[in-house]
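Please open the model in your viewer and keep the sequence panel beside it. The tour below moves from one selection to the next and says what is to be found at each.

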Amino acid sequence: MVAKQAFVPPTFGDCMPAPDTPLPLHSHSALIIIGTGMAGIGLARALRRQGDTRTITLVSADSGDDYSKPLLSTGFAKRLTPDQLAQRSAREVAEELNAELITHTQVVQLHVDNRRITLGNGHQLHYDDLVLATGAAPRMPFNVPENVAKRCFTVNDLDEYRRFHTTLASAPARVAIVGAGLVGCEFANDLHAGGHQVTLIAPESTPLPRLLPEPLGQTLSNAFQAAGIQLALGRTLQTLTLAPDNALSLRLDNGDRYAADIALLATGLTPRSELAEAAGLAVSRSGIMVDRQLRTSQPNIFALGDVACVEGVNAMYVQPLQASVKALASTLSGTPTNVSFGAWPVLVKTALLPVVAYPPATTPARWRIEGEGSEMTAIAENKDGRLIGFALTGGCVRRKVELSRVAPALLG
Ligand SMILES: Cc1cc2nc3c(=O)[nH]c(=O)nc-3n(C[C@H](O)[C@H](O)[C@H](O)COP(=O)(O)OP(=O)(O)OC[C@H]3O[C@@H](n4cnc5c(N)ncnc54)[C@H](O)[C@@H]3O)c2cc1C
């Protein structure tokens, strides 16, 4: 069953009473999952797969549609509409999982003493176990002026992608991307492949600064430039204004100006740990602190996915998330299970130059760099000469399996 709620005014579906009606408390074990991303839906699915029959309620601030977030940065090249990216609607997810899905609804408070959560509309729900799968929010590099806000986008979920896609669907556009991390670079490649004119702006001198040592970053820069993507690297954005011709005008710290129809802000993500923090749970800058069983500082509250920092590690990638889903499903079903993260490299979806990277957890003593042109291998070594990370471009990406085997696990 799905209870759908619109933003304004709220509407109440088949399993959602009006706001002044007190909600019944679940009489038997009730699990509430906040978030319907890969972590939230993945966990509910894993529980059902192993035969767990408890009452499951998922609450989501977004549409609750089931989609694969990594595909968002491949949609323009593949000519996929947002609806094609949604694998299942919220209603289908609810039916498949025999769960209640409350969509377009924020959870605004956790009450750890009496095990309740408060929704944005004032309703309270009781839980026996609570899972926080609230993901991470796009970080805004500056206050976006109101008169240009409609032309500035972040794309971190399907709803945001729908708005972005709708704006770009009608005609080729000039898109300025601010930020050259994984999301910025993948969208630069994808929007370029989709026929748009792309400018990539970032303060670092080469793209993917957290994944690639400079020579390999330069290789990616070369591939982008050769394809016609305009680069303004080593530069920070100073102002974002509306020009007399109604174009966006981006002025950089060296005085250069770029004109664009829209801007995509891809300047990093911050774990959404405010709810946990306000409820007194232990959090750090890297997210909600959890142990190997994904348990927060409150015994019956768990966290996983982009919001969770597992013994100091918050990778914000799919493989650690999936390992967490599996471990937590077992723990919740009565078999306490510790999660481990292997040496799982990141596959960056830049078709102009394939990139695979497993960044070292600590600053390497040196990078050993081999290859030429677009075929580069970089090995990060510690002071004893042991491999602690690697980065590969072009045809060298095929070495990922061999190098992953000797790399230390992310969380062994
Ligand atoms: C464009 C892009 C491409 C990517 N590509 C890759 C890739 O190729 N490989 C890879 O490994 N990883 C990739 N990632 C990262 C990966 O997709 C994420 O790590 C993963 O999807 C995170 O899932 P999540 O469920 O933790 O968070 P999210 O998907 O962010 O879900 C969070 C959920 O919580 C809900 N929520 C938040 N706060 C509240 C609240 N207060 N009340 C109610 N609901 C709330 C949200 O509405 C949402 O449903 C990519 C990320 C992006 C943005």
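**Before selecting anything**

This is a predicted model, in which local features need pLDDT of at least 70 and side-chain atom pairs count only at pLDDT 80 or more, while totals for chains, interfaces and linings use all residues. Residues are numbered from 1 along each chain as its sequence is written.

**The whole chain**

Display the protein chain as a cartoon: it has 10 helices and 29 strands, where helices (H or I, at least four residues) and strands (E, at least two) are DSSP runs numbered from the N terminus. Along its principal axes the C-alpha trace spans about 65 × 60 × 35 Å. The radius of gyration of the protein chain is 22 Å, which agrees with the value near 22 Å for a compact globule of 412 residues; this radius is taken over C-alpha atoms, and the globule rule is 2.2 Å times the number of residues to the power 0.38.

A residue is buried if 20 or more other C-beta atoms lie within 10 Å of its own, exposed if 12 or fewer, and partly exposed in between, with C-beta atoms placed from the backbone. Among the contacts in the protein chain with a separation of 6 or more, 61% come from residues 24 or more positions apart, a contact being two residues whose C-beta atoms, placed from the backbone, lie within 7 Å.

**The ligand shell and alanine 39**

Now select the 34 residues around the ligand, of which Gly35, Gly37, Ala39, Gly135 and Gly305 come nearest; a residue is near a molecule or strand if its C-beta atom, placed from the backbone, lies within 6 Å of it. Helices α1, α6 and α9 (318–332) each supply at least two residues of this shell, and α1 gives the most, with three.

Centre the view on alanine 39, which lies in helix α1 (residues 38–49). Why does alanine 39 count as buried? It does so because it has 27 C-beta neighbours inside 10 Å. Leaving out residues up to four places away in sequence, alanine 39 touches Ala133, Leu304, Gly305, Leu321 and Val325.

Move to α6, whose 12 residues reach 16 Å from the first C-alpha to the last, close to the 16 Å expected at 1.5 Å a residue; the expected span is 1.5 Å times one less than the number of residues. Of the 12 residues of α6, 11 are buried, including Cys185, Glu186, Asn189, Asp190 and His192. These buried residues pack against β13 (174–178), β14, α7, β19 (262–265) and β25. After α6 comes glycine 195, with a positive phi near 95 degrees.

Next select α7 (residues 214–227), which has 14 residues and reaches 20 Å, close to the 20 Å expected. Its buried residues are Leu216, Gly217, Thr219, Leu220, Ser221, Ala223 and Phe224, and what covers them includes α6 (182–193), β14 (197–202), β26 (355–358) and β28 (375–381).

**The five-stranded sheet**

Select the open antiparallel sheet with the strand order β25-β26-β29-β28-β27, where two strands pair if DSSP finds at least two bridges between them. Each of the edge strands β25 (346–348) and β27 (366–372) has a single partner strand, so one side of each is left without a neighbour in the sheet. Three bridges join β25 to β26, and valine 348 stands opposite valine 355 in β26.

**The three-stranded sheet**

Finish at the open antiparallel sheet of β16, β17 and β18, in that order, with β16 (237–242) and β18 (257–260) as the edge strands. Five bridges join β16 to β17 (residues 248–252); leucine 240 has leucine 250 as its bridge partner in β17, and leucine 237 has leucine 252. Five residues lie between β16 and β17 in their hairpin, and in the turn asparagine 246 has a positive phi of about 75 degrees.

Strands β17 and β18 pair over four bridges, one of the pairs being arginine 251 with arginine 257 in β18. Their hairpin has four residues between the strands, and glycine 255 takes a positive phi near 90 degrees there.
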